[in-house]
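Reader: I am new to protein models. Can you walk me through one, feature by feature?
Author: Gladly. Here is the one we will read.

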Amino acid sequence: AVCRAAYQGGTHPGKVVAGKCNIGWGGKEIVLSAFEVMTNKGVTLAWVRGPSAEGMIIGGSENNGSRKLAVCRAAYQGGTHPGKVVAGKCNIGWGGKEIVLNAFEVLVQR
């Protein structure tokens, strides 16, 4: 599931693992206990090829809100992992590290 959590002055999209929200930040995978889980509440969502698309879902922000963070997902090590779009790439938390991936999808509202 896609989650988002507050960390270091921002709100960062990530993935739910073992009841926590795992985000990529500063080169590391950060595990947070306080978080929100994304629901669609009657809105139609779809995954489309990134790095950007019309109607992208903004899951968070950083730098006092000046950098919007869209929700992405990418295949890595046999799984598909939600994360955040940063500088045209999908950043995910995995194995204790922040992984930056070039091939990914972004979540959009249809």
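Reader: What radius of gyration would a compact globule with 110 residues have, and what does the chain have?
Author: First, a caution: this is a predicted model. Now the size. A compact globule with 110 residues would have a radius of gyration near 13 Å. The chain has 13 Å, so the value agrees with the rule. Along the principal axes, the C-alpha atoms fill roughly 30 × 30 × 25 Å.

Reader: Next, the elements. How many helices and strands are in the chain?
Author: Count them along the chain. There are zero helices and 12 strands. Read from the N terminus, the order is β-β-β-β-β-β-β-β-β-β-β-β.

Reader: How many disulfides does the structure hold?
Author: Start with the idea. A disulfide is a covalent bond between the sulfur atoms of two cysteines. This structure holds two disulfides. Count the bonded cysteines along the chain, and the pattern reads 1-2, 3-4.

Reader: Which cysteine is joined to cysteine 3?
Author: Its partner is cysteine 21, with an S to S distance of 2.1 Å. Now place both ends. Cysteine 3 is in strand β1 (residues 2-7), and cysteine 21 is in strand β3 (residues 20-25). They are 18 residues apart, and the pair links distant parts of the chain. The angle about the S-S bond is 85°, and this link is right-handed.

Reader: Are cysteine 3 and cysteine 21 buried or exposed?
Author: Look at relative accessible area. Buried means under 20%. Cysteine 3 has 2%, so cysteine 3 counts as buried. Cysteine 21 has 0%, so cysteine 21 is buried too.

Reader: Which strands hold cysteine 72 and cysteine 90?
Author: These two form a disulfide, with their sulfur atoms 2.1 Å apart. Cysteine 72 lies in strand β8 (residues 67-76), and cysteine 90 lies in strand β10 (residues 89-94). The pair therefore ties together parts that are 18 residues apart in sequence. This link is right-handed, with 85° about the S-S bond. Cysteine 72 is buried at 0% relative accessibility. Cysteine 90 is buried at 0% as well.

Reader: What share of the 110 residues is buried?
Author: Buried residues make up 41% of them. The accessible surface of the chain comes to about 6,000 Å². Carbon and sulfur atoms account for 49% of that surface.

Reader: How many positive and negative side chains does the chain have?
Author: The chain has 13 positive and 6 negative side chains. The centres of the two sets lie 2 Å apart.

How values were computed:
Residues numbered from 1 in each chain as written. Predicted model: local features only at pLDDT ≥ 70, side-chain atom pairs only at ≥ 80, totals over all residues. Heavy atoms only, no water. Disulfide = S-S within 2.5 Å. Helix = DSSP H or I, 4+ residues; strand = E, 2+ residues; numbered from the N terminus. Buried < 20%, exposed > 50% of the residue type's maximum accessible area, 1.4 Å probe, protein only. Rg over C-alpha atoms; globule rule 2.2 N^0.38 Å. Areas by Shrake-Rupley, 256 points an atom, 1.4 Å probe, with all protein chains shown as cover. Lys, Arg positive; Asp, Glu negative; His and termini not counted. Charge placed at Lys NZ, Arg CZ, Asp CG, Glu CD.
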